[in-house]
Amino acid sequence: MKLSINNEVHDVEADGDTPLLWVIRDNLGLTGTKYGCGLAQCGACSVMVDGVVTRSCVTPIDSVEGREITTIEAIENDPVGKRVVEKWVEYQVPQCGYCQSGQVMAATALLRETQNPTEDDVAAAMVNLCRCGTYNAIHAAVKDLAGEKGGA
Amino acid sequence: MTNNKDNRPVTREDFPSGAPVNISRRRFLLASAGATAGALVLGFGLPIGPARAAQGSEQITPGTRVPAFLEIRPDNTIRLQSPFVEGGQGVFTAMAQIVGEELDADPESFVVEVAPAGSDYLLINNKIRITGGSNSVRSSYSTMRKLGASARLMLLQAAAGRLNVPIAQLKTEPGYVINTSSGEKVSYGSLAKDALDLSVPDGNSVELRDPSTFRWIGKPLKRLDILDKSTGKAIYSIDCTVEGMVQAAVQHAPRLGLDVGRILNEADVSAMKGVMSVHRLPGAVAVVAERWWNAKIAAEALQVEWVKRDDKDAKYRYMPDDFSSAAFSDRLANEESKGITAEEEGDVNSALSDAATVVEATYRNQFLHHGQLEPPSTLARFNEDGSLDIWMPNQAPEQFQSTIAKITGLEASQINIHSPMLGGFFGRHFLYPEANPFPQAIQLAKEVGRPVKVIWSREEEFLRDPLRPMAAVRFRGGLDADGMPVAIEAISATEGPTESLTGHNPDSLDPLALEGLTGKTYAIADRRIAQVYVKTPAMLAYWRSVGHSMNDFFYETFLDELADKGSQDPYELRLKLLKDNKRLTHLLKAVGELSGGWKRGPFTAEDGTTRARGVGMASPFGSETAAIAEVSMKNGQVIVHDIWEAIDPGSIVNPAIIEAQVKSAAALGLSQILMEEVIYEKGEPAARNYDLYPILRPDQMPNVHVRVVESGAKMGGVGEPGLPPVLPAVANAVSTLTGQRVREMPLRKLRLES
């Protein structure tokens, strides 16, 4: 099966029902996308499919054939993603960092879709779990990106 | 600055000590990762090698041998071997700040990774090495300063030889030695090789910087690992790969103490896509495949008849098939014995009989998962020379090495422990019998003759995760005629994590079982804190802030219960009980001020909701903390709007990291009090994933406001102390708001009405 990931087409040998997450990690060796729960509960596996944030742990690869998949490895090639990463650094968001690929993906997808998201937009989009509890810093960074200096 | 420029585990081969390396491949990898080619890898400075680090261990004073810790490269970057594992707590950055300050090198020029196992790194009391107990910085602060100062002196000596001038004529500025007469500058990187040939000066005789001149210690430096973690480049154990590696998934027995009897469908599973082999492990079956997903599907498909394991000397606990966490909690609460005294002042019995009012209540807590987002994994590779390389999440490399030596028969020196970044830990990655995947990875690597990486699915993790202990505490409190507490007795029926792991000694107590009931500083004249030991059928573990994670909840909520009974304001009561303790009085006033002045409520907020505030304090891990929480209720559920928290860790290294750690600890504490609970029925956990074991979500996170108070007292811990006071602050606010006492956690299961 041919999958377009980070603007490169890969010929992938895997069954169609294999979760995209494991093809990204194991077949392609892109380990920035993380496994946390396998049930679309935590969001650590978030990638973008045609710009829409998607939980790759429950996304069979045959459902994304012919679509453009973006993983964290290519995030800085996206102008919005680059800004998100810069703010993640400025706000010193990550702690253990394990969920942060997914958080950056979620923030990037939100801001690509909505340049100036409202508080409700942010709350609806930034739902990934963080066991280190970096939620205040995530919120402050996203609010800043949304054009409003975030206070935590 | 990064410590991984490509998507491979950090291995010693990445850092040549003068040996030839495959430059072209490295260049390719670095270039593809966007790094300046050769920037980090062509170092021939002070080489760090396992032989060098491990030789003559009987002679080693931990933390003194500069070459075991530092490599200074020609480009003036500095590779530091951290004795402590990084799992989000910021210790890599703190180590670079401390060493850099004395070495006179900008912490931003540091590349930090975890040191291999070895006697050089046993920095806690010169005996052990763990990343835990909020011990890292406070236990190593002085040693790491001396180490940096010793290294600086070696570089000065090398420069004196090279420039043929007396050392007194030299000074340093970050990364360089300067000849003060000629102005000539020599980089550390160019001196490193000469410095290596010098003997390491006695760290106790080197001059340390005057703290008033610190440039990096005490400053809110940015963390060294943030960019990598924001771009997916940080490498965790689960990400590690080596050439020729295969992957394994396991299916654990539903209860500990069961072994594989028959596998009913082994042939069918062996024929499943990608499956290479099926294996029987102690208490589990495993499937090996090239791809983990194939292994997982197959491992879950195995139909196993589990049989009782005949293992009388086992270190794990045989989980009975009728174990119920709810019944166990009742059993603890109904314990009637007086227990063994841990702390006693005065005569609590006569004080209680003289008291104007006596209050009695029993408080309870719940089992908890660690819930670190990275599921456990281990990659094991046997090498041609018989040695073993192993990558795994761990908080104690030498302890893991020593255990692996026992199970493999290898010498410790043949076992290379790699400790990648931890995707959260919170106490999860100590040695726990049957709860670490490394024995499985080792056995499988032997059986298949290739490197094997075992990953536990979230479901297998929640089945084997050892739990935060459970307790029931019977309190008796006495009030005088003015409503002031004069006596308190707390008898906890529980088991501490250490005694659960090393064996209960009837003649001594596990201090971690009661910390937070013990060690309280309120001026209550007559008191007795005691434990009734009750063995828990489940495996127990350390969990962020350990005993404090539950005991300060018990004590501080009961204190509010006493305050209510005596018609005292809980904040004012605490100030009265602490009036002779300047440090805690200051801290409590600081958090009150941070919150805009103490107001208990209930009051009506601007948005029309009715809210109340609660306060809690704790003295965990050598630090002092106090928190105030503001809550409201919606549809019977508690909403926490704000938490104000003050921490006094005595003296500090990085205030920004401390603030981040307090927020993190507050979030985990909140998650515990609001919603978390591991429920066992019939010997099995009801929840095997986050769907049935919810943890704090972003929309449930309050604004956490932190004040760091630097009292100048002895340096305390940072990673854990922020957690304990949050629980009682929330519970006390809820009691004020609802008029109902909160005597157990989590709040989610209580029927609360506003």
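Modeller: Begin with terms: helices (H or I, at least four residues) and strands (E, at least two) are DSSP runs, numbered from the N terminus. Two strands pair if DSSP finds at least two bridges between them. In chain B, three strands make an open sheet, ordered β1-β2-β3, with mixed pairing. Its edge strands, each pairing on one side only, are β1 (70–72) and β3 (110–114) of chain B.

This is a predicted model, in which local features need pLDDT of at least 70, side-chain atom pairs count only at pLDDT 80 or more, and totals for chains, interfaces and linings use all residues. Residues are numbered from 1 along each chain as its sequence is written, chains are lettered from A and ligands numbered from 1 in the order in which they are written, and side-chain values use heavy atoms, leaving out hydrogens and water.

Biologist: In which sense do β1(B) and β2 of chain B pair?

Modeller: Strands of a sheet pair through backbone hydrogen bonds, either parallel or antiparallel. β1(B) and β2 (residues 78–82) of chain B are antiparallel, over three bridges. B:Ile72 has B:Ile78 in β2(B) as its bridge partner.

Biologist: How many disulfides does the structure hold?

Modeller: A disulfide is a covalent bond between the sulfur atoms of two cysteines. The cut-off here is a pair of cysteine sulfur atoms within 2.5 Å. Over all chains there are zero disulfides. A:Cys130 is in none, and its nearest cysteine sulfur, that of A:Cys99, is 3.8 Å away.
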